[in-house]
Amino acid sequence: MLVFDQVDYHYRREHPVLQQLSFEIHQGEFISIIGGNGSGKSTLAKLMNGLLQPREGQVKLEHLNTLNPDDLGRIRERVGLVFQNPDDQFITTSVLDEVVFGLENLRVPRDEMAHRVNKALQAVHMEDYAKAMPHQLSGGQKQRVAIAAVVAMEPSIMIFDEATSMLDPQGRRDILDVMHTLHQQGLTIIHITHHMEEILSADRVLLLSKGEMAFDGPPSALFSSVSITEHQLTLPFAVRLHQALGINAPLCVDWKETITSLWTMS
Amino acid sequence: MKDNIIWGQYINSDSSIHRLDPRTKLLSVLAFTLCCLTLQTFGGYVAATVLVGGQLLLSRVPVRKFFRGLQPILFILSFTFVYHLLVTQDGIESGAFVVWRILLLVSLASVLTLTTKPLDLAKGLEQLFKPLSRFGVPVEAFALMLMIAIRFIPTITQELDRILLAQKARGYDIKSTKGHRQVYAYLLLVVPLLITTIQRAEQLAMTIDARAYGNGKGRTTYRILKFTRMDHAAGGLMLAFVLLILYL
Amino acid sequence: MDYELNDVSVRINGEEILESISCTLQEGKWISIIGQTGAGKSTFAQVIKGLIPFYRGKYTHNRQPLPRDGKGKMKIVPQIGYVFQYPEHQIFESTVYKELTFAPKMKGESPERLEVALKMVMGQIGLSEKLLQENPFQLSGGLKRLVAIASVLIAEPELLILDEPTAGLDPVNRIALLKQLKAWQREKKRTVLFISHQLEDVAEYSDEVMIFKKGRLLAHLDANELFLQRTALMEQAGLPLPEPIQLLRMIEALSGRILEPASCREEDIMQQVRLAWQSRGLQNEG
């Protein structure tokens, strides 16, 4: 449904950020995008909902094209984006206003708003905080409000641009849980991260390296086909464990399952 | 400290004045200000004082808080008084009246800010100026700007605190430096603050865009300000009082 | 050097942020500070540096109470280096050289000594001298971070506070930075206070760990003791166990044996786990 066709992007001509990127994202996929600092991950996210426009090639969402200014509203309605810093994406002065903001922009009728707001806040377990102000919330809570603000707009694709990287372990787990719940409800999830542990549960991993696609496939195939450290990344613990113990079994989302089943098998 | 700024001077309570529509309060203050400028007679002053005093009582704002709010203008008041004393002929009298008038204005304005959240004020202003959008004035955009300003003052104050702390940790205390070093010290403060603020603004703009703001279709509003019977009554009373004062 | 807090409490805007903290920071140790957001980790570090006042308790440096200025206010402790979160945000000079030498120049350090200190820091932290004339704003995120940290190290602090120094860095940059800092700390026998949410890093690099919970110091203990023997403390603080420790626990449960790795570092744990793993068949048969 979301198609990148030969996309080039640069902020300054002599420093290309993304080069000749082509791929397709399908409805209902859970995709992890990984890559080191400066690999072009965040630029890619912004190209996806038309915050940036490709210099060459095109980005299309079904019949909509980010190069067409008339399509931008529709695209942003369908492709939601959650950023890294919870503080810089809290536009208004209360949780309720924050979730309402996007709905007002979409001209959602007033009667429908209350319902959508409630549903979105429930999805991120923040329904008790509707009246809270940003400085009364922790980073993780603010991030969940940002997610609710996007969820309320009822997008079909949600992009999380390093949305877990500024949070403590608890906050991170909460956000990951929300992402998986949304995925089960049928949303397409695109999770940009450099926490390698988080990519194992994805359907598909895209590895960006210096603006080029170095890998596109299931996480289990990533570590056998690419040398991860060459791309500024490290192996997740599960893979290190497989190597240390000489396990040949396919990679599980949770290494504990692998260990238990192999131990009892022997 | 953070609370202070977001709330302004707002005092959380549920008086009849708190419940009034911000537009009613804004218009009342405007009307009263205009009529204050025309105050001439002793009777007029007394009537105006009764009005302001009555509102203060109704607002149930603690007297202590109210007077603390007046402290900053004490200097201006005494300066005005002394100025009149020295310069004009019937010094004491004219000085007293001018001070009285300023006190009245400031008191009523305080009632407004003490009983209305900054965000509601912004909303009220937006609604009042809405008709102007027909003439191409971007009222909505200004309202968003105002809201963001209110929202981000505490965040930027925090940022400044953080930078001050970081500079202090590096051993530069602005207060203790002198001469050209002080210029440096301020540079140390301003450059990081500017850079982070600009980064913040860029990120915020991205977020606003990503949430489909300004897609050309206009917006709906969730919070609608509604005049209640209270507002009609209060507005009517205010009008009556203003007319009375003008008459006196 | 010896830093000692005795029953120190901090109140900010009427709210108790730190409550009766007592601890001693020993020379030459890498001490990690962990706890959930809002547990008081950063406030604690700022008290140590003398940036925020405490209303109760005593703080001594080498058995002497901290110096105060004429008005009785706290003064900062110049022997402590403090690397704030996202330290590159504080960069403001136009070349790396100017940025690194700014602090010592302000303090009136002689040019000769400055050159020596500069060379030393660059070498220790792995910054190439070619970088000196570059504009720091144009460097990559990882390098910018390194420059900002080097500008603190150049003052040769006897205690270095690192507040989430790896936030936002990719894994390769993160590990490289931690290794450089660890090497610096070992070689110079300095003390490091390391605030981090990355518990794997804490287990990997720490000598000691301080656990904070809601403004209180829950425990201050040897890292190996915490991760190998007293993991209940982590639960108490609402923190997950690092994955290698989880693995260790699991293998112990499966094999019914207590494993005794040399330390809580992943390499040592893996070694013990590997031995247990290889002998699992034999054990089951026997």
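**Interfaces, aromatic pairs and backbone features of the predicted model**

A:Arg240 and C:Glu266 form a salt bridge, with their closest N and O atoms 2.7 Å apart. The model is predicted. Across the interface of chain C and chain A, 1 salt bridge is found. The contact involves 32 residues of chain C and 28 residues of chain A. About 2900 Å² is buried between chain C and chain A, and carbon and sulfur atoms give 62% of this area. On the chain C side, C:Glu243, C:Met250 and C:Trp277 supply 20% of the area buried against chain A, more than any other three residues.

C:Trp277 also takes part in a charge–ring arrangement. The charged end of C:Arg280 sits over the ring of C:Trp277, 4.0 Å from its centre. Chain A has an arrangement of this kind at A:Trp255. There, A:Lys256 lies over the ring face, at 5.3 Å from the ring centre.

Two loop residues make contacts with other chains. B:Tyr222 lies in the loop between helix 10 (179–210) and helix 11 (229–247) of chain B. Beyond its neighbours within four places in sequence, B:Tyr222 is in contact with A:Leu96, A:Val100, A:Glu104, A:Arg110, A:Met113 and A:Ala114. B:Tyr222 has a relative accessibility of 18%, so it counts as buried, the cut-off being under 20%. B:Leu74 is 148 residues from B:Tyr222 in sequence, and the C-alpha atoms of the two are 42 Å apart.

C:Gln90 is placed between strand 6 (80–83) and helix 2 (96–106) of chain C. With residues up to four places away in sequence not counted, C:Gln90 touches B:Arg162, B:Ile163, B:Ala166, B:Gln167, B:Arg170, B:Pro192 and C:Glu99. At 6% relative accessibility, C:Gln90 is buried.

Aromatic side chains were examined next. The whole structure holds 14 aromatic pairs over all chains. In one of them, B:Phe75 and B:Phe79 are stacked, at 6.4 Å centre to centre and with 25 degrees between the planes. These two residues are 4 places apart in helix 6 (residues 74–87) of chain B, so about one helical turn separates them. An α-helix has 3.6 residues a turn, so residues three or four places apart point the same way. B:Phe75 is exposed at 61% relative accessible area. B:Phe79 is exposed too, at 54%.

C:Phe44 and C:Phe212 form a tilted pair, with 5.1 Å between centres and 45 degrees between planes. This pair links distant parts of the chain, as C:Phe44 belongs to helix 1 of chain C and C:Phe212 to strand 9 (residues 208–213), 168 residues apart. C:Phe44 is buried at 0% relative accessibility. C:Phe212 is likewise buried, with a value of 0%. Chain B also holds an aromatic cluster, formed by B:Phe42, B:Tyr45, B:Phe97 and B:Trp100.

In helix 1 (residues 41–49) of chain C, 8 of 9 residues are buried. Among them are C:Lys41, C:Phe44, C:Val47, C:Ile48 and C:Lys49. C:Gly50 follows just after this helix and takes a positive phi of about 85 degrees.

Most residues other than glycine have a negative phi. C:Ser20 is found in strand 2 (residues 15–25) of chain C and is partly exposed, at 28% relative accessible area. C:Lys214 has a positive phi near 45 degrees. C:Lys214 is in the loop between strand 9 and strand 10 (216–222) of chain C. At 69% relative accessibility, C:Lys214 is exposed.

In chain A, 4 strands form an open antiparallel sheet in the order 2-1-4-5. Strand 2 (15–25) and strand 5 (64–65) stand at the edges with a single partner strand each, so one side of each has no neighbour in the sheet. Strand 1 (residues 2–12) and strand 4 (residues 56–61) run antiparallel and are joined by 5 bridges. A:Asp8 stands opposite A:Glu56, a residue of strand 4.

Note on methods:
Residues numbered from 1 in each chain as written. Chains lettered and ligands numbered in written order. Predicted model: local features only at pLDDT ≥ 70, side-chain atom pairs only at ≥ 80, totals over all residues. Heavy atoms only, no water. Buried < 20%, exposed > 50% of the residue type's maximum accessible area, 1.4 Å probe, protein only. Phe/Tyr/Trp six-rings, centres within 6.5 Å; stacked < 30°, edge-to-face > 60°. Lys NZ or Arg CZ within 6 Å of the ring centre and 35° of its normal. Pairing = 2+ DSSP bridges. Contact = heavy atoms within 4.5 Å. Buried area = accessible area lost by both parts, 1.4 Å probe. Salt bridge = Lys/Arg side-chain N within 4 Å of Asp/Glu carboxyl O.
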